[in-house]
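Me: I would like to learn how to read a model of this kind step by step, with the general idea given before the particular case. Could we begin once the sequence and structure are on display?

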Number of protein chains: 2
Amino acid sequence: MGNADNVYPDTNVERAHRVAIPPPQPFLKSFTASMKETFFPDDPLRQFKNQPPSRKLILGLQYVLPILEWAPRYSLQFLKADLIAGITIASLAIPQGISYAKLANLPPILGLYSSFVPPLVYAMMGSSRDLAVGTVAVASLLTASMLGNTVNANENPTLYLHLAFTATFVAGVLQASLGVLRLGFIVDFLSHATIVGFMAGAATVVCLQQLKGILGLEHFTHGTDLISVMRSVFTQTHKWRWESAVLGCCFLFYLLLARYFSKKRSNLFWISAMAPLTSVIFGSLLVYLTHAENHGVQVIGLLKKGVNPLSITHLAFGSPYISTAIKTGIVTGVIALAEGIAVGRSFAMFKNYHIDGNKEMIAFGMMNIAGSCTSCYLTTGPFSRSAVNFNAGCKTAMSNIVMAFAVMITLLFLTPLFHYTPLVVLSSIIIAAMLGLIDYEAAIHLWHVDKFDFMVCMGAYVGVVFGSVEIGLVVAVGLSLLRVLLFVARPRTMVLGNIPDSVIYRSVDQYPNANNVPGILILEMNAPIYFANSSYLRERISRWIDEEEDRVKSSGETSLQYVVLDMGAVGNIDTSGISMFEELKKGTERRGLKLVLANPGGEVMKKLNKSKFIDSLGQEWIYLTVGEAVGACNFMLHTSKPKRVAADSEPGSDNV
Amino acid sequence: MGNADNVYPDTNVERAHRVAIPPPQPFLKSFTASMKETFFPDDPLRQFKNQPPSRKLILGLQYVLPILEWAPRYSLQFLKADLIAGITIASLAIPQGISYAKLANLPPILGLYSSFVPPLVYAMMGSSRDLAVGTVAVASLLTASMLGNTVNANENPTLYLHLAFTATFVAGVLQASLGVLRLGFIVDFLSHATIVGFMAGAATVVCLQQLKGILGLEHFTHGTDLISVMRSVFTQTHKWRWESAVLGCCFLFYLLLARYFSKKRSNLFWISAMAPLTSVIFGSLLVYLTHAENHGVQVIGLLKKGVNPLSITHLAFGSPYISTAIKTGIVTGVIALAEGIAVGRSFAMFKNYHIDGNKEMIAFGMMNIAGSCTSCYLTTGPFSRSAVNFNAGCKTAMSNIVMAFAVMITLLFLTPLFHYTPLVVLSSIIIAAMLGLIDYEAAIHLWHVDKFDFMVCMGAYVGVVFGSVEIGLVVAVGLSLLRVLLFVARPRTMVLGNIPDSVIYRSVDQYPNANNVPGILILEMNAPIYFANSSYLRERISRWIDEEEDRVKSSGETSLQYVVLDMGAVGNIDTSGISMFEELKKGTERRGLKLVLANPGGEVMKKLNKSKFIDSLGQEWIYLTVGEAVGACNFMLHTSKPKRVAADSEPGSDNV
């Protein structure tokens, strides 16, 4: 601010407050600072500061493998709790795993494999204490629909299986890289509203797919949209199997009843958690005793004994369908990540501990990479299973290890028991789980609070149900981004008025009692001034001036002489924005008006200064608060001198 | 605000100012208002209000055809000025038209056709008084490179020509629809920085292409990138023609000299304007007299006499290459629009009249639709020609009509004169025009004022020169959008301090003399709180609190008790943002801190109210200004009562 002490050559009055230009910083320094703020907002290296090297090593190891942090403090008390929780979630994991693998058009045994290796990896690397690892319905369905578009799972099961492993590998690599590259914020672009709509849509689609199992149909559409499914169902009415349908409805009723009781009293959570396993046992017994498999009730059939075979050699990177696998991996990887991170965060909130999003991503990624090499497909932290884990009183990630061992025992000894499990029971289990994902109350809340979020939510729902899962996702993310862009492209400009008995100036829309100041138009802009809005703002401001002049003319008030722009909410400006100011200044000068700025922020002042706009406007026309600006303008209006003098010098008497 | 008069049940002190929730509005009303603000920010129907029907009809006709507005007031004085300007731009239009048509791989005569019909259409519908219509180099090059990718202009000239007409038609329809649908703001997404880089890149590429003409090469690469061109040039060194090169350099020197003089004294503008035509005349004479066409100097050859033949039947909508034509039309249409609108706006600024962007788009669109039916290719308002028009003293769009008639006379009678015009002269004309488009001073200015804009500019330049025109455009627009998204995804949070001798609170980074308030952490956020930044803000705010607590602990000051958030710059909030506040409130409460909000805006208050957050936080913890909030917190800190009392009640003594 060059000539500091006398910027008002024609007056001897000094101004109370001065708008500062932040001290200049070397480019490299400000660049590193803004990079750090973008990629390391949580300052992950903070705990390493001022520590001896040995401590740094331990902290580093604990950073990569959080198990090293909690294992030494692990107590018998904890083990007891984790044992109960682990067995509870295993009883849920086994039938759900088989069901979701069927949903993904993969061999049912993969569902069990996927509940063995990945939970072990997560237990070592994950930082959530409540997350229970497993496969999820939405990612399973996505795998089926995206891979199914190019490769038919029935005609070419081996290729399909290998592509599924490859997609899982790609998803894992993507997840781990997002974490390592600190790009975790990409997941944030899936807003809450998107996820509500998307989940409900996916749940609807998954339920629709279960009509195949419930009605005992052998041929079914490969499409996931409502119209294809309905056509497929109602063109085959003659093939519906009533035995299957009756069985399905009974089990569904039982499962929903169990959930109803669990919801009513939270200490009955185990009813709901055990219901799938008891359904499976009961259904299998029923089929075994009645030989219903010969009467149109389809069963799982033979499951191979033994733990996960290696599949690292099956990763199909040479396949001509590799691009499909990559695409599937990216989409499912991001979706799975979003669910897992959201679940981890919610439970961490409850129990008041901190979760590092980027670290979690690395854990998810490593778990899927390891999974893809050991015959697992995509896993994450499903909400339903984690909620059961939480309710069962888990203390640490040890419950995942317990679950993994329970699944291992099943794999080694108990697989023959699932031979007679009817598919219709699996369908019922899936439907029951999915109905819980349709959160219509959240949608109603969105409608009440924010119409645009509701639109995003509905866009995702309708897109998923009538188009495809990908379309729904693109629509929802597109709408969300459009909102951000529209916010910047069409910022709100507001006329400010004086709050009575004060020197505070606020929007006259929000404060109907705020008064206009005769001869002065005060405008506030609510967004950074960027290329995307600079033409709009120029035109909108000139329209405000037109309207104000019309109003003044018709009412016979003091004619307009000053336009005060409150820049407090203008976070940044680019070169297009600066040009806009230059044009605005010319425009107002031609009309005989004086442009006055109030409270520009640091970034804005820096750029206005570098582009010499401050010199061209005159340093003395930039005020710290709207109150000071209006005070000065008023003083000049009433003394009728075209001179610039300072505001009433009472310190602190001014306001924005 | 429900229980208005006694929201502080435990005190009898009334607060000075209250944060208002804007009066509720029916959904439909606020929806229409925001639609109107988005699509009709200029309120185009304003002039129609309160007018009799006959007047409305006239105004409506004048709106569609601005010529009806200015023609009745047209005077002989104006005609004289427009006549001079029109003839001047015609002398530039004829050689430039031929050159650019060659650049687009189209028959040279199309360049003349395109300076006949489109200017007439624009003269009737356009609202700029200074714009001179014609073809432009960048769009010509784009046509050549995009259409050339699928159809070879030399092997299949008819198909290529028909696709060019179709692309022009598509561009016209797109431009007109953008105008009718009020989507003109899409053009704003091409920022000033993008255009500087893009234009310079395109100019470089166009100059490189001229090496073919200058060196007299017969075979040349179809690629437009630097590497392909350099390879093409240096693998054919034995085929370089020195006659051609010498001629080219001489003319280039002459043209640049002419421009140098014109730039030095603006009343010598005609030297530069006439130079291309004199080059053509002189070059043709030279070839005619020396028979240089037999010694390796290529000439234009035969040009058909007569005005534009109809081409409406040549629009190739049934062609298998229609998708290429559509893509070309969209890209060239948007680029041409951006240039035309920018040029129109700049000159309107100079002469202080208003241009309606959407109306201009309709004019451009109609002119290109009409052009595509009458053997013209894409036209817009080129900067160079419009600048000459402006300097020549044009008064209205009549100068375009004069130019069109001059071109018509050329088409009818003078085409044989161009038979001997050497191609190398055309190359020189193009290079001379292009060198003027490389605005390195603007790039330096960008570097000084805004590093990110410089990056966008360089991205566009490098993308165009080393990749292709489309790549450059995608890179630049992508970077620009990334900036907007980053602004929202990583808003700045700032710690505020007290400006000495006042109750004003400002960022301590910008105002190094601002003082911290013991026991109170004051933070300001600088962007709307959306899904894209809500997790970031939650983590960043909790890090600010951590850091402040560490600092306080080490320095032994009053321990932290209040966190005041200045919401003045938070323009909007969505449901993810509201969840963030709920989590933040829980988090601060667990740490024994109290969350206080200052100055939330209307939109934010509305949504916080609807989501019941205000009730959960307590209405009494929301203040109109930071000053009032800090005053109240300070009072409570010093009286050490866990009770809420109002700030010092002196009205107006508080500040944000």
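**Reading the two copies**

Reply: In this predicted model, chain A is superposed on chain B by a rotation of 180° with 0.0 Å of shift along its axis, the RMSD being 0.1 Å. The two copies are thus related as by a two-fold rotation axis. The general idea is that two copies of a chain are related by a rotation about an axis and a shift along it.

Me: Which residue of chain A comes closest to the rotation axis?

Reply: That residue is A:Ala569, whose C-alpha lies at 2.0 Å from the axis. The same surface serves both copies, since 100% of the contact residues of chain A recur in chain B.

Me: How many residues does the contact take from each chain?

Reply: In general, the size of an interface is often given as the accessible area lost when the parts come together. Here the description is by residues instead: the contact takes 76 residues from chain A and 76 residues from chain B. On the side of chain A that touches chain B, these divide into 32 nonpolar, 25 polar and 19 charged residues.

Me: What is the secondary structure of chain A, and at what angle do the axes of H12 and H18 of chain A cross?

Reply: Chain A comes to 26 helices and 6 strands. The axes of helix H12 (residues 242-264) and helix H18 (residues 423-435) of chain A come within 8 Å and cross at roughly 40°, and the crossing in which H12(A) passes H18(A) is right-handed. The residues making this contact include A:Phe251 and A:Leu255 of H12(A) and A:Ile429 and A:Ala432 of H18(A), and by class the contact has 10 nonpolar, 4 polar and 1 charged residues.

Me: What does the C-alpha trace of chain A span along its principal axes?

Reply: The span is about 105 × 65 × 55 Å. Among contacts in chain A between residues at least 6 apart in sequence, 81% join residues at least 24 apart.

Definitions and conventions
Residues numbered from 1 in each chain as written. Chains lettered and ligands numbered in written order. Predicted model: local features only at pLDDT ≥ 70, side-chain atom pairs only at ≥ 80, totals over all residues. Least-squares fit on C-alpha atoms with pLDDT ≥ 70 in both. Contact = placed C-beta atoms within 7 Å. Nonpolar A, V, L, I, M, F, W, Y, C, P; charged D, E, K, R; others polar. Axes fitted to C-alpha atoms, helices over the stretch in contact; angles between N-to-C directions. Helix = DSSP H or I, 4+ residues; strand = E, 2+ residues; numbered from the N terminus. Left-handed = near helix turned anticlockwise from the far one by under 90°.
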